[in-house]
Amino acid sequence: MQAKKKPERQCIGCRESKEKKELIRIVKTPEGEIQLDCTGRLNGRGAYLCDSEECLKKARRSNALSRSFKMAVPEEVYDELERQLNEK
């Protein structure tokens with residue numbers, strides 16, 4: 001019997017593949033809002049990020065969220081994500 005495969009996703013900051021449960025999901029909802037998805041179940045386009053400020057800074061420098069969501073992401077969104085990461 002084969003072991004069940006665990007889903008992996010790639011961090012948009014460091015570009016490393018990790019198990020989905022280890023990463024934080026950021027979602028662009030159908031309404032165009034960008035928010036942190038703690039449950040991993042919100043509808044919309046998802047991007048994944050390691051739970052570290054360093055990866056968030058890399059993603060911010062390279063505009064990774066803008067590329068993932070195919071839209072301009074304002075700096076306020078990165079600030080909000082950084083604040084929410086620090087609260088965790």
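Ile26 touches Ile34, Gln35, Leu36, Arg45, Gly46, Ala47, Leu49, Leu65, Phe69 and Leu81, leaving aside residues up to four places away in sequence; contact here means heavy atoms within 4.5 Å. The model is predicted, so to speak of local features takes pLDDT of at least 70, side-chain atom pairs count only at pLDDT 80 or more, and totals for chains, interfaces and linings use all residues. Residues are numbered from 1 along each chain as its sequence is written, and side-chain values use heavy atoms, with hydrogens and water left out.

Ile26 also turns up in the largest nonpolar core, which has 22 residues; Ile12, Ile26, Leu49, Leu65, Phe69, Val73 and Leu81 touch the most other members. Such a core is a set of buried Ala, Val, Leu, Ile, Met, Phe, Trp, Tyr and Cys residues joined through side-chain atoms within 4.5 Å. Two or more residues each come from β3 (24-28), β4 (34-37), β5, α1 (53-61), α2 and α3 (75-87), and α3 gives the most, with 4 residues. Helices (H or I, at least four residues) and strands (E, at least two) are DSSP runs, numbered from the N terminus.

Leu42 sits in the loop between β4 and β5. Its C-alpha atom is separated by 9.5 Å from that of Ile26, 16 residues apart along the chain. Leu42 counts as partly exposed because its relative accessibility is 34%; buried means under 20% relative accessible area, exposed over 50%, and partly exposed in between (1.4 Å probe, protein chains only). Not counting residues up to four places away in sequence, Leu42 touches Arg25, Val27, Gln35, Leu36 and Asp37.

Now for the pockets. On a 1 Å grid over the protein atoms alone, a pocket is an open set of points where a 1.4 Å probe fits, with protein on both sides within 12 Å along at least five of seven lines, and lining residues have an atom within 4 Å of a point. The largest pocket holds about 370 Å³ of space, a volume being the space filled by probe spheres set on the points. Of its 16 lining residues, Lys20, Lys21, Thr39, Gly40 and Tyr48 are the closest to the centre. The lining splits into 5 nonpolar, 2 polar and 9 charged residues (Ala, Val, Leu, Ile, Met, Phe, Trp, Tyr, Cys and Pro are nonpolar; Asp, Glu, Lys and Arg charged; the others, Gly among them, polar).

The second largest pocket comes to about 160 Å³. Its lining includes Gln10, Ile12, Arg15 and Tyr48, and β5 gives the most, with 4 residues.
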